[in-house]
Amino acid sequence: MNRRVFLTTTAAGAAIVAFPAVLRAQTKDPIRIGFPLPLTGPFAAIAGDMKQGAELGVDVLNAKGGILGRKVELLVRDDQLKPQIGAQRTQELIEKENCQFIIGGLAAHVQMAINEQTKKAKVLFISTSQSDEISAKPDTSPVTFHEALNPTITSRVVGKWVMENLGKKWWIVYADYAWGKQNNLVLTETNKKLGGTVLGSTPYPLGSAEFSAHLPKIQAAKPDVLMAVTPGADDIAFLKQVKSFGMHQQMKLAKPLHWISVAKQGGPELYQDVYGGINFYWELQDSIPEAKRYVDAFQKKFSIPPGDYGVYAYSAVLEVARGSELAKSTDGEKVADALRKNPTYSHVKGKQWWRACDNKSFQDMWILKGRAPGQTKGDWGLLDVVARVPATEDMDRTCAEKGHTA
Amino acid sequence: MPDISLAALAAQVFTGLVLGGIFVLLAVGLSLIFGLMTVVNFSHGALYMLGAYFGFVLMGRTGSFLVALVVAPLLVGVFGLFVERFLIRPLYGRSPDDPLLLTFGLSLVLVEVARLIWGKIGVTLDPPRALAGAVNLGFTYFPSYRLFVIAVTAVVLVALWLFLEKTNVGLVIRAGSRDPMMVRALGFDVGRIWFLVFGIGTGLAGLAGILAGPMRGAYAEMGVTIIIESFVVVVVGGMGSLLGAVISGLLIGQIVGLTTFFAPKLAEIIVFVFMALVLLFRPSGLLGEAGLLE
Amino acid sequence: MKRRALGWVQRHPVVCFFVVFAIFPWVVPYKSLGSQVLIYGLFALGFNLLYGYTGLLSFGSAAYWGLGAYGTGIALAKLKVTSLWLALGIGLAAALVGGALVGFFCLRRRGIYFAMLTLAFAQLLYFVGFHLADWTGGDDGLRGIAVPAIGIGSWRLPLDRSVVFYYFTLVIVGLAVAALKRILDSPFGAVLQAIRENADRAAACGYDIARIKHLSFVFYAVFCGLAGALDALRLTVVPIESLHWSTSGQVVIMTLLGGAGTFFGPFVGAATYLVLEDAISVWTESWPLAIGAIFMAFVLFLPRGIWGTLTGGFHGR
């Protein structure tokens with residue numbers, strides 16, 4: 001007797017829970033873009049910038065009437081820098097929240113896990129994470145797009161510039177994980193191809209801030225340039241220790257990527273005269289009109305200038321919109337096709353385009369150098385633009401090298 | 001094989017001493033707490049982190065590194081007193097795993113609170129101007145601050161030894177480590193002693209944190225890997241043995257330093273391999289006693 | 001009334017398990033969460049066998065979860081195995097062998113030394129997994145896992161829909177639960193609990209406690225490995241974090257939340273942890289703060305966990 005009551009009550013309860021979902025499907029649904037990213041953890045500052053970039057993108061879209069006349073919603077989730085959580089959040093975003101699109105990821109390994117879920121559900125995923133694999137077999141798929149730079153691109157570009165401008169004898173210190181190893185590989189290749197020498201390559205465990213073990217050895221070898229493939233907080237610890245040993249007076253310091261939030265935290269004393277590549281820097285507003293519009297809008301909404309990774313998220317959101325409008329649909333595969341057929345876009349820093357075989361975004365890069373302590377411009381003007389490197393498809397591996405046939 | 005000049009190797013040994021110093025401070029604290037109270041303090045790494053952050057705040061307010069160096073460990077020790085009184089004491093008499101589990105939960109909470117208060121990126125601590133340079137040791141230039149860390153660790157250890165060997169309170173603590181039952185039977189308030197020991201142990205963790213801060217910066221997760229390494233150090237030395245903790249800390253500091261020099265890829269794993277080997281031949285660590293927490 | 005109902009549940013755990021989890025996916029916000037609960041519940045079940053019933057605290061559960069996950073994942077992604085059952089079998093075998101070997105070494109020591117040794121082996125495995133990138137994908141994780149459809153004769157059931165995958169998982173986990181019931185009800189199960197209460201006394205009674213502990217360790221490894229293998233199928237990716245000590249820590253929290261040493265504790269704990277995490281993470285970034293505080297509260301005030309408190313089960317020694 002109790003079991004029957006129990007079962008009927010549960011059935012009734014389940015129906016009541018399901019009812020709103022039925023109702024919702026009948027009205028004009030908003031378009032939902034899911035955005036997992038590491039809001040907690042060591043890269044939280046970069047993630048914060050990305051979240052702001054995406055929010056600005058959504059505002060811009062909604063001001064123009066949304067996508068296909070429907071309002072755009074951004075659903076941000078914390079992936080805690082863990083692949084399992086990233087995958088779980090993606091499943092939640094797709095199954096529970098009915099997101100039509102997913103953008104995001106910051107850490108490469110998390111983005112892979114996110115990608116596995118979007119592939120299964122055939123939902124369009126625009127990755128904003130640095131990774132060589134995401135646009136190559138076996139990870140890639142017709143609905144997997146890659147907006148951000150990757151280690152191959154950054155190391156080829158920065159490597160070439162350093163060879164031509166700073167010196168040919170290098171020592172590389174790199175974090176012993178996928179991103180670090182890839183950068184090390186490409187930097188070494190680039191150096192050798194242009195006739196230089198890599199005196200030594202030192203791996204260190206990611207997150208372990210103890211470099212003093214390696215520094216005397218490096219000093220003794222006397223390289224022209226010390227290449228630091230040291231992400232996040234490691235970079236600050238590294239530069240501190242390098243400077244405490246006086247090495248910055250004996251050799252030039254360069255890195256494949258600058259991160260604005262990390263440079264700000266480290267301060268100009270640490271980052272003075274450190275060279276690195278970047279995808280976007282707010283001072284570009286002086287030379288690029290779209291950048292100025294973006295920086296002004298960002299500054300107005302958030303009271304600080306935009307960072308570097310935020311533009312990936314901003315572009316990704318706008319590309320989702322552009323693709324949907326072109327395809328007149330939110331179906332992942334149709335939007336993907338539309339983007340491939342109309343690959344060129346320019347939202348924030350000049351011309352960018354999607355390469356058809358691997359859905360990879362090609363874009364300009366810049367080389368920046370840290371300003372001396374007296375010469376910074378306000379809280380955020382810590383870096384000088386030294387050179388612009390226009391986008392070309394030989395920045396990245398060829399389609400064939402990534403495993404794409406035809 | 002990289003160029004092994006004697007000078008580079010010697011510099012390496014000094015680096016190992018610095019690392020060893022930090023390990024020793026942490027391991028001695030853990031061992032004191034364990035030896036006397038049979039409590040495995042999983043929040044030790046988080047307290048180390050708090051030491052660094054408290055130091056940061058103090059340096060910000062007073063502009064003096066010396067003040068931070070002295071006061072931050074005291075603050076952490078006081079915090080430790082609260083933890084003992086309100087979180088650990090209620091667990092007395094229950095399963096010996098309970099304080100371990102509780103302090104594990106506490107470590108999660110402390111890390112998150114640190115993130116909320118001081119931000120997610122972490123902060124930089126600068127060593128005082130006087131220690132910011134490098135000293136010519138003859139065979140290499142070595143950062144002065146690191147020499148300072150070695151010196152402070154040595155001084156603190158000597159002070160601790162004197163306290164334990166030459167004072168009455170120290171005598172009771174040592175006796176309590178050996179045989180808490182007997183000490184209580186002799187009329188001493190073991191609860192008070194535990195209170196004090198937990199405060200000292202956590203204070204040492206805080207000291208390690210403020211010392212490490214200027215070398216690596218302070219960030220919420222900084223205690224997370226070092227707690228595991230500290231446990232390895234204590235287990236290798238023998239849970240409850242202070243001398244074991246010192247020897248083990250210095251030894252493992254050297255091992256990690258030298259491994260980083262010769263075979264950097266193995267640096268992460270070498271402590272565990274070493275621990276497994278030690279435990280294989282000496283079941284209770286180098287100087288530990290059988291029967292503790294089994 | 002409640003007592004009698006709970007008593008009935010405790011006497012017929014397998015039936016209750018199937019009934020509750022048959023309707024579970026319709027109760028939780030989305031289906032994959034249900035699968036996650038089943039899988040982590042199984043993981044906690046394995047840990048509970050070793051900790052709650054045998055009294056051995058291991059810090060290295062991630063090793064067997066990871067062996068199961070990578071075993072199955074590599075079978076599907078690299079060895080191109082086409083049979084789902086074979087792939088699962090390979091994962092299980094890896095976990096079994098790992099558990100047997102590691103257990104042999106670690107069980108030579110007791111207490112905190114045992115715990116640290118289990119951690120050391122798990123870290124060793126993590127290191128190997130991290131660096132054998134050609135096989136495991138390294139820190140990018142193992143991808144390219146194609147999940148074959150279940151086939152019996154010429155009938156095929158693909159597992160790509162969440163609902164289908166859930167019921168597949170339910171059957172497998174249910175079988176494991178039934179197996180655990182058999183283990184615990186057997187004389188072997190009784191000796192396990194005797195060992196937890198007082199190992200020396202059990203030895204004095206003439207039991208070969210070394211062998212029994214070892215066997216318990218192997219069972220623990222197999223259950224954890226099965227859970228890991230199922231998760232590899234669920235996510236079609238095996239992240240390197242599967243072997244990380246934080247995974248070991250998670251299962252400890254889940255087991256304790258639910259109630260160590262009780263039969264359903266692990267599932268109650270896993271369900272509570274995961275549903276809470278899912279709900280809380282949407283509202284705040286400070287999930288670790290919430291779970292840390294909750295966990296501490298449980299240790300202090302509800303040491304028997306949710307299920308343990310409800311049923312008045314065992315706690316501590």
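Predicted model: local features only at pLDDT ≥ 70, side-chain atom pairs only at ≥ 80, totals over all residues.
**Domains of chain A**

The domain assignment divides chain A into domain 1, made of residues 26-149 + 288-362, and domain 2, made of residues 152-278 + 365-395. The C-alpha centres of domain 1 of chain A and domain 2 of chain A are 28 Å apart. Where the two domains meet, 15 residues of domain 1 of chain A are in contact with 16 residues of domain 2 of chain A. Helix H2(A) provides the largest share of the side of domain 1 of chain A that touches domain 2 of chain A, namely three residues. That side of domain 1 of chain A holds nine nonpolar, two polar and four charged residues.

Helix H2(A) has 20 residues and reaches 28 Å from its first C-alpha to its last, close to the 28 Å expected at 1.5 Å a residue. After H2(A) comes Gly65(A), whose phi is positive, near 100°.

**Sheets and strands of chain A**

An open sheet of seven strands in chain A is arranged in the order E7-E6-E8-E9-E10-E14-E15, and its pairing is mixed. The edge strands are E7 (197-204) and E15 (383-389) of chain A, each of which pairs on one side only. On average, and with direction ignored, neighbouring strands of this sheet are turned by 20° against each other. Strands of a sheet pair through backbone hydrogen bonds, either parallel or antiparallel. Within this sheet, strand E6 (residues 169-175) of chain A pairs with E7(A) in the parallel sense, over seven bridges, and Ala175(A) stands opposite Tyr204(A) in E7(A). Helix H6 (residues 178-193) of chain A lies across E6, E7, strand E8 (225-229) and strand E9 (252-257) of chain A, and runs at about 165° to E6(A).

Elsewhere in chain A, strand E3 (residues 101-104) is joined to E4(A) by four bridges, and the two run parallel. In this pair, Gly104(A) has Ser127(A) of E4(A) as its bridge partner. In a regular strand the side chains alternate between the two faces of the sheet. Strand E4 (residues 124-127) of chain A has Leu124(A) and Ile126(A) pointing one way and Phe125(A) and Ser127(A) the other way, and all are buried.

**Contacts between chains**

Chain B is touched by chain A, with 26 residues of chain A in contact with 29 residues of chain B. On the side of chain A that touches chain B, at least two residues each come from helix H2 (44-63), E7, helix H7 (215-221), helix H8 (232-244) and helix H9 (260-266) of chain A. Of these, H8(A) gives the most, with four residues. By class, this side of chain A has 14 nonpolar, nine polar and three charged residues.

Chain C touches chain B as well, with 28 residues of chain C in contact with 32 residues of chain B. Helix H6 (111-131), helix H12 (245-258) and helix H14 (287-301) of chain C each supply at least two residues of the side of chain C that touches chain B. The residues of this side of chain C comprise 19 nonpolar, six polar and three charged.

**Helices and residues of chain C**

Helix H4 (residues 62-77) of chain C has 16 residues, which at 1.5 Å a residue should span 22 Å, and its end C-alpha atoms are 21 Å apart, which agrees. H4(C) is mostly covered, with 16 of its 16 residues buried.

Ser246(C) has its place in helix H12 of chain C. Because Ser246(C) has 10 other C-beta atoms within 10 Å, Ser246(C) is exposed. Ser246(C) and Ser61(C) are 185 residues apart in sequence, and their C-alpha atoms are 9.8 Å apart in space.

**Single residues of chain A**

Ala297(A) lies in helix H11 (residues 289-302) of chain A, and its C-alpha atom is separated by 9.3 Å from that of Val60(A), 237 residues away along the chain. Ala297(A) counts as partly exposed because it has 16 C-beta neighbours inside 10 Å.

The peptide bond from Lys137(A) to Pro138(A) is cis, with omega near 0°, and Pro138(A) is found in the loop between E4 and strand E5 (144-146) of chain A.

Key:
Residues numbered from 1 in each chain as written. Chains lettered and ligands numbered in written order. Pairing = 2+ DSSP bridges. Axes fitted to C-alpha atoms, helices over the stretch in contact; angles between N-to-C directions. Contact = placed C-beta atoms within 7 Å. Nonpolar A, V, L, I, M, F, W, Y, C, P; charged D, E, K, R; others polar. Domains from an automatic or database assignment. Expected span 1.5 Å × (residues − 1). Buried ≥ 20, exposed ≤ 12 C-beta atoms within 10 Å, placed from the backbone.
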